[in-house]
Amino acid sequence: MNDIRKIQIKSDLQQLLSSDQAWHYRIIPVDQKENNIEFLIDEKQELDLVRNELEVLLGKGILLIPTASDEIQMALAGYYRKNNHETKTQLNVVSGNADNLIENLISEAREIRSSDIHLEPYEEYAKVRYRVDGKLLERYRIQKGEYPSIVNRIKIKAHLDIAEKRLPQDGRISFRFKKEEFDIRVSVLPTLHGEKIVLRILASDAASVDISTLGFSKEQLQLYSEEIRKTQGIIMISGPTGSGKTTTLYATLKILNQEDANILTIEDPIEYTIEGVNQVQLKESIGLSFSSAMRTFLRQDPDIIMLGEIRDGETAQMATRAALTGHLVLSTIHTNSAWGTIDRLIDMGIPPFLLAATLNVSIAQRLVRLLCPHCKAPVSYNPAHLPPMYKPANEPDIVYEAVGCEKCYYTGYVGRKAIYEIIPVNQELRSIIRVRPGDAHEYLAQQGIRTLSDQAFLLFASGQTTAIEVYPHLMNNAY
């Protein structure tokens, strides 16, 4: 009996059928030769009838392999997803149909909670991949001859130069889907076989962002809520690209957004819109950088300033100056830990005594995929599945592993949750930063501040995720 979960069906085979056709005939294509196509078919189907219809439909010889109904059901749910908005699966479009294709791709991406759409040209075809819950999933292949027309349509929609094919370009598209309007950031990159395009889907507004659902523990949320109520100082959030830093900032701005506060932001890009907040889009091509915007912000009588990212020493110094003059500054930075942010700002040229006087709290965060609650399976805890150097204080008896079902499209995961490491800068820590910042590691360990690895293991031990998901976060367990 075939185990569908172990079969990797190539996207060019998948495209032989539309979703409707695959579900109607209950078949899965597994191989294609010059004149024949091989399918797995539900053993309850009438083989002769299906074979005759498929030979007329596809114009080739058909080989059908009867397979257990539950395995066919699993494969259909995994490879031919049924969405509320039915998306065209056969994407080898003809000339003039590029608009429909683009609309279908964006609509499907929105349906399956994708954050990015990648269109990648190669020598013989172009590939379409979606990023879902942080992982890229190949979905379609497009005939190479049809790809340039798709690129040009995207460029036109994003108000880019269709004649320029040698240099990278960036633009924006406004899109309406199910009465919802949102923006799409477009990035075009010349590659060996053509122009690669990444479409970043940006949320329309921050109404759905709630700080209580992001992943803070009860103690962390209480601590963070106290820090953001301060009227001056710096709040820093660190982590790699795609770790949810900006979402945490927007959730914070929602709380701080009151009628008596003047809030200014400089962002790249503006991912959410918040009524009552003055948001500025970064445009370095005309000199509107983070540092230049900060200079103007200080003349705009602000109460709260949000910097999308601190990238250089000049911006870091402007943020410190703003905090010293009585403003609350929120920003992000690329470091590996909450304490790494402090080291990084000192390396950028911020004197330790100024940093000690202005930094309120340093936060590090990561995103971890959550197990599907409908199909996760209990297994005995095995310490061999964790990094050899990681020794948890308490080991659970039972943990969970990913299985896969229709609800999660047989990935085993649904959604993501943030884990946080929070260092509040109290008076004692200020003294350490000011005089001997290298001694802070011992102090932090004594304070019992939970690290990212601690939070990741708690998520694993509570049955919300798997050892595979938390493994990278457990490899660095100390400050």
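**Strands, helices and side-chain pairs**

Modeller: Strands β7 and β8 (residues 180-191) run antiparallel and are joined by 9 bridges. Please bear in mind that this is a predicted model.

Biologist: Which residue in β8 is the bridge partner of G171?

Modeller: The partner of G171 is V186.

Biologist: What is the order of the strands in the open sheet?

Modeller: The sheet has 6 strands, in the order β6-β5-β4-β9-β8-β7, and the pairing is antiparallel. Its edge strands are β6 and β7 (169-177), each of which pairs on one side only. From one strand to the next, the twist averages 20°.

Biologist: Which helix lies across β4, β5, β6, β7, β8 and β9?

Modeller: That is helix α5 (residues 98-111), which runs at about 75° to β7. The other strands that α5 lies across include β4 (114-121) and β5 (125-132).

Biologist: Let us look at one residue of β9. Is E195 buried or exposed?

Modeller: E195, in strand β9 (residues 194-201), is buried because its relative accessible area is 7%, and the cut-off for buried is under 20%.

Biologist: With which side chain does the side chain of E195 make a polar contact?

Modeller: With the side chain of K155, at 2.8 Å.

Biologist: And which residues does E195 touch, not counting those up to four places away in sequence?

Modeller: K155 is one of them; the others are L119, P121, Y147, V151, E164, K165, V188, L189 and P190.

Biologist: Now the salt bridges. How many are there in the whole structure?

Modeller: The search finds 19. One of the pairs is R51 with D48, whose side chains meet at 2.9 Å, N to O.

Biologist: Where do R51 and D48 lie?

Modeller: Both are in helix α3 (residues 47-58), 3 residues apart, which is about one turn of the helix. R51 is partly exposed, with a relative accessible area of 23%, whereas D48 is exposed, at 53%.

Biologist: With which residue does R129 meet in a salt bridge?

Modeller: The side chain of R129 meets that of E120, again with an N to O distance of 2.9 Å. R129 is partly exposed, with a relative accessible area of 22%. E120 is buried, at 6%.

Biologist: What about D268 and R311: which parts does that pair tie together?

Modeller: Their side chains form a salt bridge at 3.2 Å, N to O. D268 lies in the loop between β11 (263-267) and β12 (278-281), and R311 in the loop between β13 (304-307) and α10 (313-324), so the pair ties together parts that are 43 residues apart in sequence. D268 counts as partly exposed at 37% relative accessibility, and R311 counts as partly exposed at 34%.

Biologist: Which residues do salt bridges with shared partners join into one network there?

Modeller: D268, E284, E309 and R311 are joined into one network.

Biologist: A change of topic: how many disulfides does the structure hold?

Modeller: It holds 0.

Biologist: Are C405 and C408 buried or exposed?

Modeller: C405 is buried, with a relative accessible area of 14%. C408 counts as buried at 3% relative accessibility.

Biologist: Where is Y409 found?

Modeller: Y409 is in the loop between β17 (398-401) and β18 (413-424), and at 24% relative accessibility it counts as partly exposed. From C-alpha to C-alpha, Y409 is 13 Å from E71 in space, although the two are 338 residues apart in sequence.

Biologist: E71 belongs to α4. How many of the residues of α4 are buried?

Modeller: Helix α4 (residues 69-79) is mostly covered, with 8 of its 11 residues buried. E71 is among them, together with S69, I72, M74, A75, L76, A77 and Y79.

Biologist: Against which elements do the buried residues of α4 pack?

Modeller: They pack against the helices α1 (11-14) and α2 (19-25), and against the strands β1 (27-32), β2 (36-42), β3 (61-67) and β6 (135-143).

Note on methods:
Residues are numbered from 1 along each chain as its sequence is written. This is a predicted model: local features need pLDDT of at least 70, side-chain atom pairs count only at pLDDT 80 or more; totals for chains, interfaces and linings use all residues. Side-chain values use heavy atoms; hydrogens and water are left out. Helices (H or I, at least four residues) and strands (E, at least two) are DSSP runs, numbered from the N terminus. Buried means under 20% relative accessible area, exposed over 50%, partly exposed in between (1.4 Å probe, protein chains only). A polar contact is a pair of N or O atoms within 3.5 Å; within protein, one must be able to donate a hydrogen and the other to accept it, and residues adjacent in sequence count only if both atoms are side-chain atoms. Contact means heavy atoms within 4.5 Å. A salt bridge is a side-chain nitrogen of Lys or Arg within 4 Å of a carboxyl oxygen of Asp or Glu. Two strands pair if DSSP finds at least two bridges between them. Axes are lines fitted to C-alpha atoms, for helices over the stretch in contact, and angles run from 0 to 180 degrees between N-to-C directions. A disulfide is a pair of cysteine sulfur atoms within 2.5 Å.
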